[in-house]
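Good morning, everyone. Please look at the screen, and I will walk you through it.

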Amino acid sequence: MLARSYRILGRNAEAAKAYARAGSFVDADPQLLADYADVLAANANGNFAGKPQ
């Protein structure tokens, strides 16, 4: 929930850290995993290479 809040506020760096701390919760939920990838790509200027992929 914290990561989603950060994402909506445009605080993508904090959102990425919050998703990373969520650990197995993110891995078990496809929507959260997609949101995490989206945040990582946004932090990489739209580049999906690497971890977001």
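One term before we start. When I say contact, I mean heavy atoms within 4.5 Å. Keep in mind, too, that this is a predicted model.

V39 is found in helix α4. Leaving aside neighbours within four places in sequence, V39 is in contact with R7, N12, A15, A16 and Y19. Is V39 buried or exposed? The cut-off for buried is under 20% relative accessible area. V39 has a relative accessible area of 1%, so it is buried. Now a distance. V39 and E14 are 25 residues apart along the chain. Their C-alpha atoms are separated by 9.7 Å.

Step back to the whole chain. How many helices and strands does the chain have? There are 4 helices and 0 strands. Reading from the N terminus, the order is α-α-α-α. The radius of gyration is 10 Å, and the globule rule gives a close value, 10 Å, for 53 residues. The chain is therefore as compact as a globular protein of that length. Along the principal axes, the C-alpha trace spans about 25 × 25 × 15 Å.

A few totals. Of the 53 residues in the chain, 28% are buried. Take the contacts with a separation of 6 or more: 29% of them come from residues 24 or more positions apart. The chain exposes about 3700 Å², and carbon and sulfur atoms supply 56% of that. On charge, we have 6 positive and 5 negative side chains. The centres of those two sets lie 7 Å apart.

Next, helix α2, residues 12-22. Which residues of α2 are buried? They are A15, A16, A18 and Y19. Seen down the axis of α2, these buried residues fall within an arc of 165 degrees, so they line one face of the helix. What covers them? The cover includes α1, α3 and α4. Here α3 is residues 24-27.

Now turn to the other side of α2. There, K17 and R21 are exposed. For K17, the relative accessible area is 56%. The cut-off for exposed is over 50%, so K17 counts as exposed. K17 and F48 are 31 residues apart in sequence, and 17 Å apart in space, C-alpha to C-alpha. After α2 comes G23, with a positive phi near 55 degrees.

Last stop: R4 and D35. R4 lies in helix α1, residues 2-8. D35 lies in helix α4, residues 30-43. How do they compare on burial? R4 has 39% relative accessibility, so R4 counts as partly exposed. D35 is at 8%, so D35 counts as buried.

What does R4 touch, not counting residues up to four places away in sequence? R4 touches Y19, Q31, L32 and D35. Now take D35, again leaving aside neighbours within four places. D35 is in contact with R4, R7 and Y19. One more distance for R4: F48 is 44 residues away in sequence and 19 Å away in space, C-alpha to C-alpha.

Key. Residues numbered from 1 in each chain as written. Predicted model: local features only at pLDDT ≥ 70, side-chain atom pairs only at ≥ 80, totals over all residues. Heavy atoms only, no water. Helix = DSSP H or I, 4+ residues; strand = E, 2+ residues; numbered from the N terminus. Rg over C-alpha atoms; globule rule 2.2 N^0.38 Å. Buried < 20%, exposed > 50% of the residue type's maximum accessible area, 1.4 Å probe, protein only. Areas by Shrake-Rupley, 256 points an atom, 1.4 Å probe, with all protein chains shown as cover. Lys, Arg positive; Asp, Glu negative; His and termini not counted. Charge placed at Lys NZ, Arg CZ, Asp CG, Glu CD. Arc of directions from axis to C-beta.
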